[in-house]
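Dear colleague,

I am handing over the structure we spoke about, and I would be grateful if you could look through it with the notes below at hand.

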Amino acid sequence: MLADWRNKLYFGDNLQIMRNHVPDESVDLVYLDPPFNSKADYNVLFKTTSGKASAAQATAFKDTWEWDEAAAEAYHELMMSAVVPGQLKNLMESLKVFLTGDTGKKGNSMMAYLTMMALRLVELHRVLKPTGSLYLHCDPTASHYIKLVLDAIFGVRYFRNEISWTRSSAHNDTAQGLRRCGRIRDVIFFYTKSESYTWNPQYTPYDEKYIKDFYKHADSNGRRYRLSDLTAAKPGGDVSYEWRVKKQGQGNWVADLSDEYISPVPGTEYLGVPPYRGRYWAYSKENLVKFELEGRLQYASTGMPSYKRFLDEMPGVSLQDSWTDILPIQPGAPDRLGYPTQKPQKLLDRILEVSSNEHDVVLDPFCGCGTTVVSAEKLKRKWIGIDVTYLAVDLMERRLLDQFAGGKLVNRLADIPVQKRRHALKAYWARGEDELGLGLRSGLRPFEVVGTPTSVEDARFLFQNDPFQFEWWCVAMVGAQGRERKGADRGIDGIINFQDKVGQYKRALVSVKGGQNIKREMVATLKGDMAREGAVTGVLVCLENPTGPMKKEAADAGRWNSEFHADRSYPVIQILTVEQILNGESPDLPRWGLDSFRVAPKASTKAANISLDFDE
């Protein structure tokens, strides 16, 4: 797998993708931020082992779990599988009795959640290299149960830390009538696969109180320093000598570095300073001489030397298990993409820098909006991202393009319809060609999206198994933004905002129809939606070929004139089939200043020279 490596975004069930596409011991670092079973409607990542959508996946961005037939089947697989450790089976059986009071078919939402997680954690342990690490991000809803599952899979001896990340400022829960302490932290469990694992020490800055309390001294240049003891409890080498110092008149003690047999200077006080009783020097005499010549020693009234540790030479506080210095993403921040569970990139940067090296493979099986893959791309790691919602996969792809692919500001690469932009990137990576004329200068390494439909039959299968994912896929393929569902959507599935002249924005409505029963009335409905929403054009996306009456209704709607292209007009109603979209066709719109999605800020990457070696 690694000989011809290409970074990958996978669309689909992470359990099946790991089993089918990720070899044993091929991953250096796993970070996962799975749903917490928090009953919040924002994420769903549960499918049956056959890959079919389960009852738990009826709503996008849902974090509510139910014990249904799919969960029961998954539990049966876990208990019968030969690759699942025996201690995990014993644990899950005990948890089932504890949580439900039943050894048979009865279950509940927590057991459904733990079963889903247990199966995936077994796979994650399999794909980790012996030197690999896993970081699992969760909250108190199920963290105590998840740790037991991790202990059963990885082994208690390979538990390294329970990291506490302070994710928000103080909550006044009491004022809201809640009788508890404010909940402001998440938990990140850190496990390794063996005793030999990647660890790159990291440091955090000292706080002002620490500096004030410990670095109390300053030299003539204003450099702050603290004094450290030069003695040790145990011997080791040349450490039992007396350190000779001298003082003239009322002056301070200094080291006497002269030959011991030279006659003393009259009026000079000499002293041989041994270590404290029962202790030894921590350094050889040769090193103490070196420290003296460097101006590193300071003497007490007794003549005992101490070592000067300068603040500006210290790396900081070694990383602890309480992370309070990384703030959550604030509302209105430029890197906030509107994804409900988005984590700050500094959090992922820290984890990747601590537990992986350049060119290592990083895997995130619950990728969400892609912060892990963005961090991996920036830090020159290889990466694999997986998500079961196409909305997340498309957001990740756009985010990578926004942050790492250059181009003219008036025509971002991420705004080009999916098929065209992917083909353009492949051409650029393979031959350095900028076939869309975007002024492309990509710092983005070659990657591919796997699991999305590449044929009409693929699209039909997606629609039959998950109409919501089919709808999101169609919306993204035409470069539209999915419409948030609140009650009846009246047939509007996406919106394309575009600029027709400076300071003037217009919109196109997108309606997706996946069934076979398509008819003229759908065009008429879209026209009514456009009138209500003030849109100048509408795009009807159909899985099946449109009927003759549909085409006539669309043609009868007429055309509208663009102010950007004065010599051109555009159809009021456009009908595109999935087959046309897969062949690279896109809505006929003015292509100036399209901006359908929130833009991620440009990222600075450590990648200096990008090899254009993508093979078609």
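What follows goes through a pair of helices, a sheet and a single residue.

Please keep in mind throughout that this is a predicted model.

To begin with the helices, the axes of α2 (residues 69-80) and α4 (residues 109-127) come within 9 Å and cross at roughly 45°, which means that α2 is oblique to α4. The crossing by which α2 passes α4 is left-handed. On the α2 side the contact is made by A71, A74, Y75, E77 and L78, while α4 contributes M111, A112, T115, A118 and L119. Sorted by class, the residues in this contact are 8 nonpolar, 1 polar and 1 charged.

Turning to the sheet, you will find an open arrangement of 3 strands in the order β11-β10-β12, and the pairing is antiparallel. Because β11 (254-255) and β12 (268-273) each have a single partner strand, they stand at the edges, and one side of each is left without a neighbour in the sheet. Strand β10 (residues 243-248) pairs with β12 in the antiparallel sense over 6 bridges, and V245 stands opposite L271 in β12.

Lastly, E553 lies in helix α15, which spans residues 548-556. Is E553 buried or exposed? Its relative accessibility is 15%, and since buried means under 20%, E553 counts as buried. Leaving aside residues up to four places away in sequence, E553 touches R520, V523, A524 and K527.

How values were computed:
Residues numbered from 1 in each chain as written. Predicted model: local features only at pLDDT ≥ 70, side-chain atom pairs only at ≥ 80, totals over all residues. Heavy atoms only, no water. Helix = DSSP H or I, 4+ residues; strand = E, 2+ residues; numbered from the N terminus. Buried < 20%, exposed > 50% of the residue type's maximum accessible area, 1.4 Å probe, protein only. Contact = heavy atoms within 4.5 Å. Axes fitted to C-alpha atoms, helices over the stretch in contact; angles between N-to-C directions. Parallel < 35°, antiparallel > 145°, perpendicular 65-115°, else oblique. Left-handed = near helix turned anticlockwise from the far one by under 90°. Nonpolar A, V, L, I, M, F, W, Y, C, P; charged D, E, K, R; others polar. Pairing = 2+ DSSP bridges.
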